[in-house]
Amino acid sequence: MTGPGDSSPVDVVVVGAGVVGTAVARELAHHPLRVVLVDAERDVGAGTSKANTAILHTGYDTVPGSLESRLVRRGYELLSAYAAETGIAVEPVGALLVAWDPEQEAALPALAAKAAANGYVECAPVAGAELRRLEPGLGEGARAALAIPGEHVIDPWSPSLAFATQAVAAGVELRLSERVVSVSPERGGHVLTTTRGRLATRWLVNAAGLGSGALDGLLGFDRFHVTPRRGELIVFDKLARERVGRILLPAPTSRGKGVLVSPTVFGNVLLGPTADDVDDPRATGTTADGLARLLDHGARILPGLVGEEVTATYAGLRAATEDADYRVFVEPSLHYLCLGGIRSTGLTASLALAEHALELLVGAGLDPGPRRPLSAISLPPLGERQLRPYRDAARIAEDPAYGEIVCHCERVTRGEIRDALASRVPPVDLDGLRRRTRAVLGRCGGFFCGARVRRLLEEGA
Amino acid sequence: MRERRVDVLVVGGGPAGLSAAAELARAGASVEVVERERELGGVPRHCDHQGFGLRDLRRPLSGPGYARRLAARADTAGATLRAGVSVTGWESGALELTSSGGLERVTAAAVVLATGARERPRAARLIPGDRPDGVLTTGELQQVVALEDLRVGSRAVIVGAEHVSYSALATLRHGGARPVAMLTEAPRHGSYAGFAWGARVVLRVPLLTSTRLVEIVGRERVEAVEVATPSDRRRIPCDTVVLTAAWIPDHELARSRGVPLDQASLGPLVDTAGRTPVAGVFAAGNLVHPGETGDVAALGGRAVSRAVLVHLAGAPWPVPIPLVAGTGLAWAAPGLIDPTALPARGRVVLRGTARVARDAVVVRQGERLLWHGRPSGSLVPGRSASIPAGWIREVDPEGGPVRIGVGSPP
């Protein structure tokens, strides 16, 4: 591990502790390398990785033959298996790509063909009457659909956390609240100047998400620019969950996947995202216009939905670039790997991107040393369909703190909050505690439990 | 998993639940109250001001004092009171409970839902903007100051001008924060003239009427709010935003059991005796009339106990008659009528859709005029008015829905 006085270069610095950076650090952690994972934010997964649609994508609609297409397909398999091993919540709800006019209906077969070209062959057409039977809540204009059974929903926050936890357990140094200010070449590697000092490394991996273009620029390149694309989302009350069974997708456009309606693993219903290009990579606010547009879409897609209570609204920024595909570049002579422009499939592709990153680094000359397995981890059950502590008699008998519900809306117990505060990558703020436990994420917005949870956070931190 | 049976399970240990339990236990029923918070008492636990217990205990108490007294009365009467117990499900007649003692399934001949109401938080109000720290409801604010002794900010904007909003103002000052403005979308405040005068003139907190909160600004912590009137928009620097009123009943348990909701109040549909349409299931308190004071909720709890006792004695579940709110009214409660039972306090509670101060109200069943007159209290959205309910005894069980609305008799 490096400290402030230690000037010998580490082997790899990964800049960006989002879902991609943490996956890369975890992959590198299988080898005897000195790895530092650094992020300007206070927590892992605090950028695009915390505010997305939480879908495990089949990749049916990626560009056939692209790197994204290959890595999404591979990542889907890897993350599905990883989630099953570690207890990350996944619900295999499936999707319906709904056609709302004759033009969209006529385009469905071509979408199925594109899916097949991407290696996904499970699409099936669904005609009007069957569509109504499957999803009785659909708005009037729904004519037909393409069923895409492999599209699943996943806990969007636990993957980054799980990857970071395994990486740190295996010796990766995690440095948060540290922003990279400049990079200069030195002795075949790099010296990064950060807001906390200097960091010398032999290899540099850019997984900086919204900052990936700027970081690439610090190395002297001018090959892609990140335009933050803001997506606003509305999360409806769990009481709305029974209104929809599957992810309802719109016909895709060039700007992105469009506004969808989706169940979540936490038992809510998501509506969104919008897609507005913004200048400021920190513009994660919602807008009156964006929310109003979402409600219009919602009223059309699933009319009963918009009368339900809203539990949360949020906005995430995707790193869009001039190109639709990932901007992955390896520079062997510079000992530098860029994983930029991941846009909207980073979560699904994360483990495959990490695999690919290691291949590229090794191909560029990195000698990783022997590979050894990581210690297995098991994440606390957060999904509605998992056995959560509040209804686990055996767990409560062993430790009564798991029977003391603190957050009533989400049924989070004192034991779970205690465990999160004592975990290897603990939360440093309320948002971080929310993502690790679901506390204060529910319909009351803190009316009942906000003060007590804040107290527990202050005591435990 | 422990399986148990009681005569009456009361869900919610606030004023309504504790009062119902005291009456029922006194009458000899085996009553258990389950309360999910660590202490009994409901919202009054954390209301650090006086004025509680006027209508039911006929003495002025502080919120926490009132809470303790109601719990003591229920305990003395012989009710079993359990705090730290949550109802997590309701499947085929048995309720599922979780506590640090483990899991239980409880069946009861009668279930009284007294789960109260909450203020809608920021997301439910669809307030756009950044999502910084420092935005909270009065409920959270009161607990921050009174229960958890945490810091509040220093400059606060209060959204709403109802009774609870003035309570929030007092709590902010107690917590060391300076209220810098109160906003209401209505053309004037909806509380007592004395509160409004005190806040505006004595404490110098401006009341901005016809003003809507349109955006919250701030990265980590609130930095300002943007507010709009019909003619302009401006920013008010602040570090705390208190969202008050905009009550919604905590109806999730009722809904999961299939109890229909009153679409206007979003509480469970109940008749004048406190019965829901589901046999054996009753509701009382703020769950039915969100935003009422504690003592009104307590009286509602006392009133429902009568119907519970009738049910425990084996009486058949009556067929309810709808009370339909028409012109000028957002809702009228209870939404169903049992001609043999008068509602709590002998009054039908109304909320208006617009400020129609002191207008007359008419009650009809078919062609028959049952009552007309002026309500007590003004029909301001967010505040209750009420009319006497004696006419309920004249309702014909076979006569169809009863309609109530603003207007004059022909």
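Glu91(A) counts as buried, with 6% relative accessibility (buried means under 20% relative accessible area, exposed over 50%, partly exposed in between, with a 1.4 Å probe and protein chains only). Its partner in a salt bridge is Arg385(A), which counts as exposed at 60% relative accessibility. A salt bridge here is a side-chain nitrogen of Lys or Arg within 4 Å of a carboxyl oxygen of Asp or Glu.

This is a predicted model, in which local features need pLDDT of at least 70 and side-chain atom pairs pLDDT 80 or more, while totals for chains, interfaces and linings use all residues. Residues are numbered from 1 along each chain as its sequence is written, chains are lettered from A and ligands numbered from 1 in the order written, and side-chain values use heavy atoms, without hydrogens and water.

Over all chains, the structure holds 58 salt bridges. Here are some of them:

| Salt bridge | Distance, N to O |
|---|---|
| Arg385(A) and Glu91(A) | 3.6 Å |
| Glu135(A) and Arg246(A) | 2.8 Å |
| Asp431(A) and Arg434(A) | 2.7 Å |

In the salt bridge of Glu135(A) and Arg246(A), distant parts of the chain are linked, 111 residues apart. Glu135(A) is buried at 1% relative accessible area, whereas Arg246(A) is partly exposed at 23%.

Asp431(A) and Arg434(A) are about one helical turn from each other because they lie 3 residues apart in helix α11 (residues 430-437) of chain A. Helices (H or I, at least four residues) and strands (E, at least two) are DSSP runs, numbered from the N terminus.

Finally, a network of salt bridges links Asp237(A), Arg443(A), Arg36(B), Arg118(B), Asp250(B) and Glu252(B).
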